[in-house]
Amino acid sequence: MFKKFVLNHRRRMAAGEGPGGTSQRVRAWLQRSGCLTFRREPIARGIGIGLLVGLTPTVGLQTVMMLAGCLLVRGNFPAAFAISWVSNPFTLPPMVYAYHQLGKWLFGSWAQTLFEGSDAVDDALIALLSTALGTALIAIPIALIGYFASLGISEVWHRRRHKAREERRQAARRERRP
């Protein structure tokens with residue numbers, strides 16, 4: 001009995017099926033949503049989402065946020081996941097410090113008038129707001145630059161590839177002619 005269960009389980013896992021065929025359904029759903037589509041536009045969207053989420057100090061939630069963002073804009077999740085490693089345990093502390101300093105420099109007086117108290121909670125809210133605004137000022141433009149740059153790079157790459165293919169075809173035609 002147990003041996004039959006193990007053999008059936010191995011067969012299902014080798015076929016990519018989870019309990020009740022859920023793996024196939026999830027894979028098909030992700031494919032339809034665009035999260036696993038490897039075309040230029042979904043990859044560019046995935047890179048934009050990955051940069052946007054990767055540059056935020058949301059460690060622990062980044063994968064879930066990237067998956068939700070990729071589902072929302074039909075972006076490529078593997079591209080988003082790969083590019084999100086711009087922030088890692090070594091780069092995150094200086095990034096958060098820079099975000100905080102930028103937000104404090106640009107919005108510090110406004111945040112202090114918003115939270116006029118002088119207790120520790122107000123100071124923490126001011127610091128949090130400064131960091132969030134500094135993060136948005138950096139992450140959003142870099143995500144947009146990454147999106148448009150990846151579209152441009154892929155366009156140049158495809159044009160060169162098609163040009164080289166056409167040149168090979170023309171050379172082959174010339175060789176065939178007597």
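Which residues lie nearest the centre of the largest pocket? I shall answer that after a word on the model.

Good morning. What you see is a predicted model, in which local features need pLDDT of at least 70, side-chain atom pairs count only at pLDDT 80 or more, and totals for chains, interfaces and linings use all residues. Residues are numbered from 1 along each chain as its sequence is written, and side-chain values use heavy atoms, with hydrogens and water left out.

Let me begin with the overall fold. The chain has 7 helices and 0 strands; helices here are DSSP runs of H or I with at least four residues, strands are runs of E with at least two, and both are numbered from the N terminus. Of its 178 residues, 29% count as buried, that is, under 20% relative accessible area, with exposed meaning over 50% and partly exposed in between (1.4 Å probe, protein chains only).

Now to the pocket. Rolling a probe the size of a water molecule over the atoms shows where empty space is left. A pocket is an open set of points on a 1 Å grid over the protein atoms alone, where a 1.4 Å probe fits, with protein on both sides within 12 Å along at least five of seven lines; lining residues have an atom within 4 Å of a point. The largest pocket has a volume of about 240 Å³, taken as the space filled by probe spheres set on the points. Of its 14 lining residues, Val59, Gly60, Gln62, Trp85 and Ser87 lie nearest the centre. Helix H4 (residues 62–73) contributes most to this lining, with 4 residues. By class, the lining holds 8 nonpolar, 6 polar and no charged residues.

Arg74 is not a glycine, yet has a positive phi of about 60°. Its relative accessibility is 46%, so Arg74 counts as partly exposed.

Finally, the surface. Leu52, Ile140, Leu144 and Phe148 form a nonpolar patch with about 370 Å² of accessible area together. Such a patch joins nonpolar side chains (Val, Leu, Ile, Met, Phe, Trp, Tyr) within 5 Å, from residues with over 30% relative accessible area and no salt bridge, the latter being a side-chain nitrogen of Lys or Arg within 4 Å of a carboxyl oxygen of Asp or Glu. Helix H7 (residues 120–176) supplies the largest share, 3 residues. Ile140 belongs to H7 and is partly exposed at 43%. Ile138 also sits in H7, and its C-alpha atom is 9.0 Å from that of Leu52, 86 residues away along the chain.

Methods: Patch = residues over 30% accessible without salt bridge, like charges linked within 9 Å, V, L, I, M, F, W, Y side chains within 5 Å. Areas by Shrake-Rupley, 256 points an atom, 1.4 Å probe, with all protein chains shown as cover. Nonpolar A, V, L, I, M, F, W, Y, C, P; charged D, E, K, R; others polar.
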